[in-house]
Amino acid sequence: MAGYGYPPHVEPRVDCETWSPTEDIGAIDVNGELRLIERVGFAFKASSGHLISPSDVARVLAAHPAVTDAVVVPLASAHGTLIGALVETSALDAEDVRRHASQSLPGWMQPQVVCVTRALPRLVGGKPDRQQSIRQLEPLV
């Protein structure tokens with residue numbers, strides 16, 4: 001954890017000396033390895049007043065069989081922060097994605113701005129590029 005922004009005031013857990021609490025969200029996989037799911041810092045408060053977990057929304061969007069991947073980001077608007085989704089698919093349009101989201105997510109978690117693309121912008125390591133995704137979605141706000 002050195003050099004990873006590890007907070008110096010965090011103490012190891014009493015019941016597991018090799019683990020220390022952080023505010024990130026993770027899960028133990030079938031091999032017993034910790035897998036980082038999301039940094040709490042990526043969550044944002046939408047104009048609805050609800051705290052949005054982008055990875056939760058993206059996971060629901062990516063569950064559609066015609067979706068390869070999705071990235072969910074906050075978008076600034078005159079009415080507050082909107083939920084934006086850039087969805088990688090070649091078989092759906094934005095309305096199809098909205099329909100899928102409405103069947104699986106409560107209204108306050110549904111993306112207000114949706115754009116489909118054949119390929120998400122990606123960082124060198126292969127993860128979706130959130131900043132580039134925001135730039136692609138901003139003209140739709």
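I count two strands as paired if DSSP finds at least two bridges between them. Helices (H or I, at least four residues) and strands (E, at least two) are DSSP runs, numbered from the N terminus. The model is predicted, so I noted the limits: local features need pLDDT of at least 70, side-chain atom pairs count only at pLDDT 80 or more, and totals for chains, interfaces and linings use all residues. Residues are numbered from 1 along each chain as its sequence is written, and side-chain values use heavy atoms, with hydrogens and water left out.

**Sheet**

I looked up the strand order first. The sheet is open, has three strands in the order β5-β6-β7, and its pairing is mixed. β5 and β7 are the edge strands with a single partner each, so one side of each has no neighbour in the sheet. From one strand to the next, the twist averages 20°.

Next I checked β6 (residues 80-88) against β7 (residues 113-117). They run parallel and are joined by five bridges. L86 has C115 as its bridge partner in β7. Between the two strands the chain passes through helix α2 (residues 94-104), and this β-α-β crossover is right-handed. Right-handed means that, with the strands pointing away from the viewer, the path from the first strand over the helix to the second runs clockwise. I also found V87 opposite V116 in β7.

**Helices on the sheet**

Contact here means heavy atoms within 4.5 Å. Angles run from 0 to 180 degrees between N-to-C directions, with axes fitted to C-alpha atoms, for helices over the stretch in contact. α1 lies across β5 and β6, at about 130° to β5. Helix α3 (residues 130-137) lies across β5, β6 and β7, at about 60° to β5.

**Cores**

A nonpolar core is a set of buried Ala, Val, Leu, Ile, Met, Phe, Trp, Tyr and Cys residues joined through side-chain atoms within 4.5 Å. Buried is under 20% relative accessible area, exposed over 50%, partly exposed in between (1.4 Å probe, protein chains only). The largest core has 19 residues, and I52, V57, L61, V72 and V87 make the most contacts inside it. α1 (54-62) gives the largest share, four residues. Leaving out residues up to four places away in sequence, V57 touches I52, V72, L105, M109 and P111.

**T89**

Is T89 buried or exposed? It counts as buried, because its relative accessibility is 5%. T89 sits in the loop between β6 and α2. Beyond its neighbours within four places in sequence, T89 contacts A66, V67, V116, T117 and R118.
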